[in-house]
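Here are a few notes from a look through this one. Have the model open while you read.

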Amino acid sequence: MKLEDFIKQHRDSFEEEGPGPGVWARLEKELPVRQKTSVVRMMAKHWWKAAILVALIANAGLLVKYANTKQDVAVVIPEMEEMELYYTSKIEQKLDELKTIPADQLGLDSTTMAELELRNETYQLLEKELVNNPGNERIRSAMVRYYQMKLDLLDRILSEQEKHTNSPSTKKDVL
């Protein structure tokens, strides 16, 4: 008879019954009572993990806020501020002069007047591109050229208006 066959035949005699239910109850009574963990106790144990989590959330919040903040060109490129200030003051002065002229004498429709306003869509697009590419000289030149063209156009409109109001035929019409 092989050993395996012998073990299979006498398996019941090798196995013993475990301890009775009273033994387990006595053992459980002898074990120290385990206190329930509270959130505060758990946090005290893992405070550094909570601190890292708070720091990560704060950094994510700042990144989101920074990404959503519209940056002004003057903030990104300080030397552009002086140029913008010069041209915007000149253009606003010319626009104020244009607004003093009655609309029927000026002869410009509302679309043209909207185009003449300071910083229209073209300029805003250039501004956005410059914020994204602060070192791009072509964009800077385009912004300066935009201001110059707008200022030239306003000067021409004002000079034509002045010629028209000072012409002898207009004076005759008025008289």
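1. Which backbone oxygen lies 3.2 Å from a polar atom of the side chain of Thr88? That of Leu85. Bear in mind that this is a predicted model. Thr88 is found in helix α7, residues 78-100, and is buried, with a relative accessible area of 9%.

2. On α7 itself: the helix has 23 residues, and its first and last C-alpha atoms are 34 Å apart, close to the 33 Å expected at 1.5 Å a residue.

3. Next, the core. The largest nonpolar core has 22 residues, and Leu98, Leu116, Met143 and Tyr147 have the most contacts inside it. Helices α7, α9 (110-116), α10 and α11 (137-166) each supply at least two of its residues, with α11 giving the most, eight residues. Leaving aside residues up to four places away in sequence, Leu98 touches Leu106, Leu116, Leu154, Ile157 and Leu158.

4. Then α10, residues 121-132. Its twelve residues should span 16 Å at 1.5 Å a residue, and the end C-alpha atoms are 17 Å apart, which agrees. Tyr123, Leu126, Glu127, Leu130 and Val131 are buried in α10. Down the helix axis these buried residues fall within an arc of 135 degrees, so they line one face of α10. On the other side of α10, Glu121, Leu125, Lys128 and Asn132 are exposed.

Notes: Residues numbered from 1 in each chain as written. Predicted model: local features only at pLDDT ≥ 70, side-chain atom pairs only at ≥ 80, totals over all residues. Heavy atoms only, no water. Helix = DSSP H or I, 4+ residues; strand = E, 2+ residues; numbered from the N terminus. Expected span 1.5 Å × (residues − 1). Buried < 20%, exposed > 50% of the residue type's maximum accessible area, 1.4 Å probe, protein only. Arc of directions from axis to C-beta. Polar contact = N/O pair within 3.5 Å; in protein donor to acceptor, adjacent residues only side chain to side chain. Core = buried A, V, L, I, M, F, W, Y, C linked by side-chain atoms within 4.5 Å. Contact = heavy atoms within 4.5 Å.
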